[in-house]
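Work through the exercises below with the sequence and the coordinates open. Try each task before reading its solution.

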Amino acid sequence: MKAICQVRTLSLLFLVCIAIVNGATTIESVLKAKGDFSDIIEGASEAGILSLYNNPSATETVFTPNNTGLLDTLSDLHIGAFQALELLQNHTLLKQLLLYGTVNESISIVSLSNGTHQFPSMLGPNLTLVKNSTGAFVNDIAVIEQDIAAGSSEIQVMETLLIPPNVHIS
Ligand SMILES: *[C@@H]1O[C@H](CO)[C@@H](O)[C@H](O)[C@H]1NC(C)=O
Ligand SMILES: *[C@@H]1O[C@H](CO)[C@@H](O)[C@H](O)[C@H]1NC(C)=O
Ligand SMILES: *[C@@H]1O[C@H](CO)[C@@H](O)[C@H](O)[C@H]1NC(C)=O
Ligand SMILES: *[C@@H]1O[C@H](CO)[C@@H](O)[C@H](O)[C@H]1NC(C)=O
Ligand SMILES: *[C@@H]1O[C@H](CO)[C@@H](O)[C@H](O)[C@H]1NC(C)=O
Ligand SMILES: *[C@@H]1O[C@H](CO)[C@@H](O)[C@H](O)[C@H]1NC(C)=O
């Protein structure tokens, strides 16, 4: 799509191309438009798995904190800025974290019953989602903004980062 656009010099055609490119709603495009998720997108890009977020035909659910929630997670774990940069270079770890926060199906929290639900993460281990009168929680971490549609996928904004069992960040 982009290649076609670049060879067009006629301004009208160029505008048409831009409209088509922008028209493909993905998890990445929605997170970018929200503007507070650049760190998670950069992490996915660094780890070489941005395809997890930019496939317009995907039907999945991404559970992710915003930039502040990510910083909160690091500070809860007593990880400083320098160490965070080192962690960002560990692509194995980044992949584990991002795959754990992704489920290969569309989950609409509003349409779930109250109670406990299990969903297999793309990393493997299940995520445990509880919906009750307080709200929705995944592994006891609050969902602070739920059911943001991104094409046929959903984004669930978490208070902090979901960390897989047996993965140690330090
Ligand atoms: C990178 O992360 C993996 C998976 O969490 C861990 O096993 C490994 O020790 C880490 N590597 C470095 C160099 O910290
Ligand atoms: C996701 O699920 C679809 C079927 O709904 C399947 O075709 C696809 O291989 C799955 N992808 C992964 C990465 O598990
Ligand atoms: C994971 O969740 C699925 C339902 O999505 C369930 O069938 C399975 O038993 C769960 N696995 C574990 C280990 O709890
Ligand atoms: C879930 O519980 C809340 C609060 O108790 C209630 O208002 C709501 O109707 C329940 N939703 C479902 C789907 O049962
Ligand atoms: C709802 O579930 C969360 C997470 O498990 C829990 O912390 C909270 O106390 C529950 N709220 C109620 C009213 O049971
Ligand atoms: C970002 O996440 C933090 C921590 O979970 C939350 O307090 C804040 O309200 C969120 N920001 C926005 C703009 O939703």
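**Exercise 1.** Which residue in E6 stands opposite phenylalanine 137?

Solution. First, the ground rules. This is a predicted model, in which local features need pLDDT of at least 70, side-chain atom pairs count only at pLDDT 80 or more, and totals for chains, interfaces and linings use all residues. Residues are numbered from 1 along each chain as its sequence is written, and chains are lettered from A and ligands numbered from 1 in the order in which they are written. Strands are DSSP runs (E, at least two residues), numbered from the N terminus. Two strands pair if DSSP finds at least two bridges between them. Now look across from phenylalanine 137: alanine 142 in E6 is opposite. E5 and E6 pair in the antiparallel sense, over two bridges. The two strands form a hairpin with two residues between them. Asparagine 139, in that turn, has a positive phi of about 50 degrees.

**Exercise 2.** Follow E6 into E7 and list the contacts between the strands.

Solution. Strand E6 covers residues 141-150, and strand E7 covers residues 153-158. They run antiparallel and are joined by five bridges. Alanine 150 has serine 153 in E7 as its bridge partner. Valine 143 stands opposite methionine 158 in E7. Again there is a hairpin with two residues between the strands. Glycine 151 in this turn has a positive phi of about 65 degrees.

**Exercise 3.** Aspartate 140 and aspartate 147: is each buried, partly exposed or exposed?

Solution. Count C-beta atoms, placed from the backbone: 20 or more others within 10 Å means buried, 12 or fewer exposed, in between partly exposed. Aspartate 140 sits in the loop between strand E5 (135-138) and E6. It has 7 C-beta neighbours inside 10 Å, so it counts as exposed. Aspartate 147 belongs to strand E6. Its 17 neighbours inside 10 Å make it partly exposed. Now check the backbone. Most residues other than glycine have a negative phi. Aspartate 140 has a positive phi, near 70 degrees. Aspartate 147 also has a positive phi, near 55 degrees.

Key
Helix = DSSP H or I, 4+ residues; strand = E, 2+ residues; numbered from the N terminus.
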